[in-house]
Amino acid sequence: MPASSSKSSALLTRQRRASVISPNTAALPASPAARRDAAPPDPTSILRGASSPADIRAALEALHTREATVVSRLESLRATQHDLSRSLARLDNLRAGLGAQVIAARGISNNMLAGASETAAHLSSRVRALDLEKQRVEDTLRVVEQVAELKACVAGVVGSMGAPQDWEAAAGYIARAARVPEEIVRGGFAAAVVPTVEVPDPPWVTLETARESLCHLFLREFERAAAEGDGAKVTRFFKLFPLIGRGDVGLDVYGKYVCQGVAGTARAVLKEGTATVGGQGRKDGFFYANALTKLFEHIAQIVENHGGLVERHYGTGKMVKVIEKLQAEADVQGGIILDSWSDERGVDRKLTDVKSYPFSFLVQSFLPQQRGFGGTPRVNSPALGGGSNNDGRNSEDEGVNMKEVDGLLNEIAVMLGRWSLYSRFLAGKCRDPDSPVDAPLAMPDVLTKSNLHRKVSAKLTDPYNTMTMFFFRRSVEKAFQMDESPSGLSLSMTRPIDGNSPYIISAVDVVMYIVNAVIQKSISTSQRAVVDVVVSTISALLGSDFIGMIQRKMKDESYPKPVIQGGLPPEDKIIAFIVLINSLDMANEYLGRIISGLLGSQDTANGTNHAGPSPLKDTFPFKNDVRDVIARLNNLLATFSAKATELLNEGLQVLFSKVIQPRLRPVMTDTFRDVDYTLTEEELAELAAQNDEDEEDFLEQLPRRFEHGWEALMKPIARIMTPRSFNTVLDLTARYLARVLEKRVWSYAGRTTAYGTIRMERDFNGIVGAVSKGNYAVREVFGKTTQVLMVANMEEDEWEELVAAAEEGDDGMTWVLTEEERRRARTLVKA
């Protein structure tokens with residue numbers, strides 16, 4: 001018992017020592033990490049719950065472990081205490097030395113620098129006082145000088161306006177006086193010094209009185225010189241207004257002066273047309289266009305010739321005020337010219353006629369065919385070229401004279417072009433002087449808000465767009481009404497063909513000529529709004545009327561269908577259908593050439609953009625105009641090409657399925673007549689001997705028969721079609737023929753001999769060579785058939801090498817056959 005009690009007391013002593021060293025250790029909750037690490041339990045709790053010696057020994061072991069840890073930490077702290085004490089001692093030494101240095105520095109500052117600091121502060125204050133005194137003296141001298149200048153100017157003004165009447169000198173004195181600040185002019189010093197016995201009024205009163213007096217004098221003299229037509233005196237007094245501070249008055253009176261000249265010239269031009277016998281001058285096609293041109297040229301000359309004078313004497317940008325006056329007069333005179341032109345030409349009546357034009361021929365052409373028992377087409381249908389007598393349209397033509405419409409369009413285009421040049425000129429004169437030279441122009445407000453701008457839109461732009469739509473649609477209608485197909489065409493190679501290719505209907509040439517003329521004329525106006533409407537109209541009418549008429553002809557008049565069941569289409573239908581296909585192809589090409597010529601690019605028809613500067617940039621100088629016009633033209637080409645190509649492809653598909661495919665079947669039947677690929681080489685030689693033929697000639701029979709039938713079928717068609725269209729239909733035919741040959745090859749699977757497979761490859765290569773003659777790219781569509789025969793004719797070792805290379809991914813072949821088809825091709829020859 002004494003031994004156990006001594007052990008228990010020692011254990012409790014260690015526990016108290018541990019709690020003193022780390023009193024919070026047992027109270028801290030275990031962290032999640034500690035719980036995860038499975039930390040040993042608290043010895044105190046173990047002792048309290050101990051029920052056996054083993055539990056006590058476990059608690060004792062835990063206490064020993066904790067004691068060792070605490071002791072280790074204490075030893076570490078005690079080991080570092082020596083270094084810490086040494087560092088603190090060093091800091092105490094440094095602090096003592098630094099304190100001595102601070103005391104010495106304070107002594108130096110108090111004893112040596114205090115006097116110098118006070119001296120420097122005193123000098124600085126004296127210098128500032130001297131500077132202030134100097135500045136005040138200079139300001140006083142400046143005021144005295146300005147007052148002296150003011151007094152001299154007042155005396156000079158009064159003296160010049162007296163007996164000498166030297167108005168330039170008086171204006172010059174006023175201009176000099178204007179440079180004196182207003183606060184000095186109205187200051188007390190000037191009011192006390194400047195007045196004299198001769199001029200007792202304050203200086204500002206004297207100067208203002210002189211300004212008003214001189215302004216009235218200059219106005220009177222300017223108007224008198226203007227009435228007398230004395231240009232020198234007009235210029236003399238015009239230059240004096242800004243000197244007396246009346247620049248706005250000078251610009252206003254000068255604007256009235258030049259506007260009187262503009263109005264007089266414009267009235268004189270209109271009177272010249274009236275003065276001719278019977279007023280024939282006004283009836284001239286371009287009389288009003290010339291009158292508008294002279295008006296714009298007169299204004300441009302004034303701005304160009306007088307702009308330097310105004311800018312020099314009145315300041316930069318002051319010419320804009322004169323331009324505003326001139327534009328107001330241009331609104332009046334230009335409006336008179338446009339109103340007179342509209343009344344003289346009867347534009348409103350013409351617009352009414354144009355809008356009410358029925359386009360009966362086009363409307364009737366798109367109606368369903370009306371056929372009686374005899375199947376007679378309607379009168380004046382496009383199939384008959386407008387009937388045997390085209391006078392059936394004269395009743396409508398009497399309502400709208402195409403020549404008059406064309407003349408009006410030409411006249412409007414000239415006037416719009418002149419308006420564009422005038423707008424460009426004024427935009428250049430009104431632009432910001434600080435803007436870059438190559439910056440795009442912007443339409444100035446003086447034009448966009450003018451009455452003439454609105455009148456040009458109402459009297460010129462809108463009628464031009466309306467009449468252009470009528471003119472183009474009526475031209476399309478007339479082109480199809482008078483349409484003619486090329487004559488002398490035949491599918492017989494023994495008959496020569498009259499004329500030169502391409503063989504197209506005449507309507508294509510006429511319509512594309514009109515397209516080019518109308519677009520060129522609209523671009524000549526330099527009006528983006530005009531080009532937008534005109535090009536959009538052309539795009540819509542080409543897609544609806546032009547493409548629609550050709551589609552209707554292809555469907556109703558030239559569709560290549562046989563007359564009797566199971567027969568072939570008539571030759572004239574086939575030729576007419578091919579001519580319409582050619583017409584679509586060439587219309588596409590012609591429009592591409594037109595757009596390329598307008599954009600200055602040779603690649604527009606192929607869909608690529610031209611990288612260089614567009615020739616339209618000079619025609620459309622205003623911001624974003626040229627970009628929008630180019631986009632509109634490219635959109636026209638893209639839209640028309642899409643519709644024309646779609647109908648063209650449909651027509652080529654019909655030509656193949658209705659004309660070529662039915663004729664190709666007998667050619668294939670005749671080509672493979674009596675052909676047997678199950679014969680061996682000996683059996684074939686024996687068969688050739690029985691027919692008294694050479695074996696080589698016997699082997700060449702199949703390619704010769706096919707080539708003969710192929711050329712008889714395709715050459716007459718190729719002779720009439722355009723190269724692009726024929727290449728497309730040749731591709732369709734080759735794809736069909738490739739499917740037929742492939743099917744025939746697979747039909748011999750397991751039945752042909754090795755020699756028969758070699759003959760088959762030779763014959764089929766001859767067929768492919770005949771089809772691809774002149775167009776090597778067509779051979780690609782036969783790739784599957786040729787690869788089947790190539791694999792079938794391979795030697796066994798070649799095939800094994802090919803399979804091994806394919807497994808390694810290095811066979812060097814571009815296969816169109818699948819792996820299954822290649823294995824199947826090896827079974828073509830019977831075992």
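Colleague: Which residues does L542 touch, not counting residues up to four places away in sequence?

Modeller: L542 touches F472, V511, M512, V515, I547, L591, L636 and F640. "Touching" here is a contact, meaning heavy atoms within 4.5 Å. Bear in mind that this is a predicted model, where local features need pLDDT of at least 70 and side-chain atom pairs count only at pLDDT 80 or more, while totals for chains, interfaces and linings use all residues. Residues are numbered from 1 along each chain as its sequence is written, and side-chain values use heavy atoms, with hydrogens and water left out.

Colleague: Where does L542 stand in the largest nonpolar core?

Modeller: That core has 185 residues, and L542 is one of the three that touch the most other members, along with M512 and F546. Helix 23 (residues 625-671) supplies the largest share, 18 residues. A separate core of 12 residues includes V147, C153, I184 and V185.

Colleague: What makes a set of residues a nonpolar core?

Modeller: The members are buried Ala, Val, Leu, Ile, Met, Phe, Trp, Tyr and Cys residues, joined through side-chain atoms within 4.5 Å.

Colleague: Fine, but why is F546 called buried?

Modeller: Buried means under 20% relative accessible area, exposed means over 50%, and partly exposed is in between (1.4 Å probe, protein chains only). F546 comes in at 0%, so it's buried. F480 is at 0% too, so the label is again buried. Across the chain, buried residues make up 39% of the 831 residues.

Colleague: Why is the ring pair of F480 and F546 called tilted?

Modeller: Rings of Phe, Tyr and Trp (its six-membered ring) pair if their centres lie within 6.5 Å; planes under 30 degrees apart are stacked, over 60 edge-to-face, and the rest tilted. That rule gives 21 aromatic pairs. For F480 and F546 the centres are 5.8 Å apart and the planes sit at 55 degrees, so the pair is tilted. It also links distant parts of the chain, with F480 in helix 19 and F546 in helix 21 (residues 528-557), 66 residues apart.

Colleague: And what makes F672 and F764 edge-to-face?

Modeller: Their ring centres are also 5.8 Å apart, but the planes are at 80 degrees, so that pair is edge-to-face. F672 is in the loop between helix 23 and helix 24 (681-690), F764 is in helix 28 (residues 754-771), and 92 residues separate them. Both F672 and F764 are buried.

Colleague: Which residues form an aromatic cluster?

Modeller: F218, F222, F237, F238, F241, Y254, Y257 and Y314 form one.

Colleague: How many helices and strands does the chain have?

Modeller: There are 31 helices and zero strands. Both are DSSP runs numbered from the N terminus: helices are H or I with at least four residues, strands E with at least two.

Colleague: Now L491. Why is it called buried?

Modeller: Its relative accessible area is 15%, so L491 is buried. It's in the loop between helix 19 (451-481) and helix 20 (506-524). Leaving out residues up to four places away in sequence, L491 touches E571, I574, I575, R663, P716 and I720. Its C-alpha is 8.6 Å from that of K715, 224 residues apart along the chain. P502 is in that loop between helix 19 and helix 20 as well, joined to S501 by a cis peptide bond with omega about 0 degrees.

Colleague: Which label does D674 get, buried or exposed?

Modeller: D674 has 70% relative accessibility, so it counts as exposed. Its phi is near 60 degrees, a positive value in a residue other than glycine. F359 has a positive phi as well, near 55 degrees, but its relative accessible area is 8%, so F359 is buried.

Colleague: Last one: what makes a nonpolar surface patch of L84, L88, L91 and L94?

Modeller: Patch residues have over 30% relative accessible area and no salt bridge; like charges are joined within 9 Å, nonpolar side chains (Val, Leu, Ile, Met, Phe, Trp, Tyr) within 5 Å. A salt bridge is a side-chain nitrogen of Lys or Arg within 4 Å of a carboxyl oxygen of Asp or Glu. L84, at 53%, is exposed, and it lies in helix 4 (residues 53-160). The four leucines make a patch of about 430 Å².

How values were computed: Areas by Shrake-Rupley, 256 points an atom, 1.4 Å probe, with all protein chains shown as cover.
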